[in-house]
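This report describes the fold, the core, the pocket and selected residues of one protein model. Please consult the sequence and the structure shown below while reading.

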Amino acid sequence: MRYQESKEQSAELLRQVIALMGQHDAPFNPISFTVWYEYVSGINAWLTQAVAKALLTEKRLSSATLMRLYQEGVAEVNPSAMVKIANELQQTMIGMGEQALRTAQHAGQFGEQLDGLNTALGSSDVAGVSTLISQAMEGTALMRSSVGELEQQVAASRKEINRLQGELERARDEVLQDPLTKVLNRRGFDEKLAVLVGVASEPGRCHGLVMLDIDHFKRVNDTHGHVMGDRVLQAIGEVLRSCVTEKMHSVARFGGEEFAILLPNTSLDQCVKMAELVCQRTRAMRIRDRRTNEVVLSVTISGGVAVLQSGDDAQRLIVRADSALYQSKKSGRDRVTCACA
């Protein structure tokens, strides 16, 4: 169970939550309440860090920020989607079960006919044998038809189950995807990274992490507004998706204007080349005014690269890649730095 606080504990949390909600620009709605409740209660470690980071650049958190935090760190798979999928799966299984029962009943009747025929063949009742043979032939035809219907039902059910599985995967993907940039959100990244850290790389290869941060992004928001800032984030999402084409590689919005790329079973050199490609394509990108088609601004991005080493956990890998990213920022931005061993 997600919330296990007593009535007294929840009352104290409620007081703190309402006080926090009054300090920010997001409206008093269930989404804002849930985010602040999990933040104050301390039950969501990722959310605690994400809120602290958001407060560094946005003193009064907006509705958009609270929605992002909710989607990335709180929301589960859409309950109505889960109910719909479960109900459809249940109906599919019921239909297949009913057809299997009918086939079993026909098989039982056919077995009885064959037993009767076998008994009659051992007697001298020619007329009775003739009748039983006719019944057995009818039973054979019925069994053939019933088995054929069962095969069709199984094939249709298999197809329907595959469709429902696809719906379930899409519903889950929505929870793990950042709606603005169309790449993985932080939760999706954490899940992918946990899997990566738990699996040994292939001989001669390594698991790599590229951390990226848009240069001077606060200046973009301050000068051009948050709407233009969102367009920059969307454009970076497109750049990342165009660069990362390997199915096993993953792109995520790590938080705010920071992104990450996971590259399993690769090499340090390939990780660096990937980061440099992103920097190059970002540098060439131009953001235009949609009304006039005039170029409004261009941006650059900095990168840090680290590879998983013996004894590393997920946090240690992130810290080393983030430290390399910091060095890129410190050295002038729009560049890639490798983490020291």
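Two residues are said to be in contact when they have heavy atoms within 4.5 Å of each other. The model discussed here is predicted.

## Overall organisation

The protein has 341 residues, and 38% of them count as buried. Its secondary structure comprises 11 helices and 7 strands. Among contacts with a separation of 6 or more, 68% join residues 24 or more positions apart.

## The nonpolar core

The largest nonpolar core contains 31 residues, and the residues with the most contacts inside it are Ile214, Val232, Ile236 and Ile261. At least two residues of this core come from each of β1 (206-214), α8 (217-224), α9 (226-243), β3 (258-266), α10 (268-284) and β6 (301-307). The element that gives the most is α9, with 8 residues.

Ile236 illustrates how parts of the chain meet. With its neighbours within four places in sequence set aside, Ile236 contacts Ile214, Phe259, Thr282, Met285, Val299 and Ile301.

Asn185 is located in the loop between α6 (126-176) and α7. Its relative accessibility is 0%, and therefore Asn185 counts as buried. Apart from neighbours within four places in sequence, the residues in contact with Asn185 are Gln71, Glu72, Val175, Leu176, Gln177, Asp178, Ala252 and Arg253.

The side chain of Asn185 also reaches toward the backbone at the start of α7. One of its side-chain oxygens comes to within 3.1 Å of the backbone nitrogen of Arg187, and the side chain reaches the backbone nitrogen of Gly188 at 2.9 Å. Helix α7 itself (residues 186-197) has 12 residues and spans 16 Å from its first C-alpha to its last, close to the 16 Å expected at 1.5 Å a residue. Its buried residues are Arg186, Arg187, Gly188, Phe189, Leu193 and Leu196.

## The largest pocket

The largest pocket holds about 1200 Å³ of space. It is lined by 42 residues, of which Thr57, Arg68, Gly255, Gly256 and Glu257 are the closest to its centre. Two or more lining residues come from each of α3 (45-57), α4 (63-73), β1, α8, α9, β2 (250-255) and α11 (314-330). Helix α3 gives the most to this lining, with 7 residues.

## Helix α11 and its surroundings

Helix α11 has 17 residues and reaches 24 Å from its first C-alpha to its last, close to the 24 Å expected at 1.5 Å a residue. Within α11, the buried residues are Leu317, Ile318, Arg320, Ala321, Ala324, Leu325, Ser328 and Lys329. The elements covering these buried residues include α7, β1, β2, β3, β6 and β7 (336-338). After α11 comes Gly332, which has a positive phi near 125°.

The loop between β6 and α11 contains Gln309. Is Gln309 buried or partly exposed? Its relative accessibility is 31%, so Gln309 counts as partly exposed. The C-alpha atoms of Gln309 and Gly208 are separated by 9.6 Å, although these residues are 101 residues apart along the chain.

Conventions: Residues numbered from 1 in each chain as written. Predicted model: local features only at pLDDT ≥ 70, side-chain atom pairs only at ≥ 80, totals over all residues. Heavy atoms only, no water. Core = buried A, V, L, I, M, F, W, Y, C linked by side-chain atoms within 4.5 Å. Buried < 20%, exposed > 50% of the residue type's maximum accessible area, 1.4 Å probe, protein only. Helix = DSSP H or I, 4+ residues; strand = E, 2+ residues; numbered from the N terminus. Expected span 1.5 Å × (residues − 1). Polar contact = N/O pair within 3.5 Å; in protein donor to acceptor, adjacent residues only side chain to side chain. 1 Å grid on protein atoms, 1.4 Å probe; cavity = no way out; pocket = protein on both sides within 12 Å on 5 of 7 lines; lining within 4 Å. Points joined across faces, edges and corners; volume = space filled by probe spheres on them.
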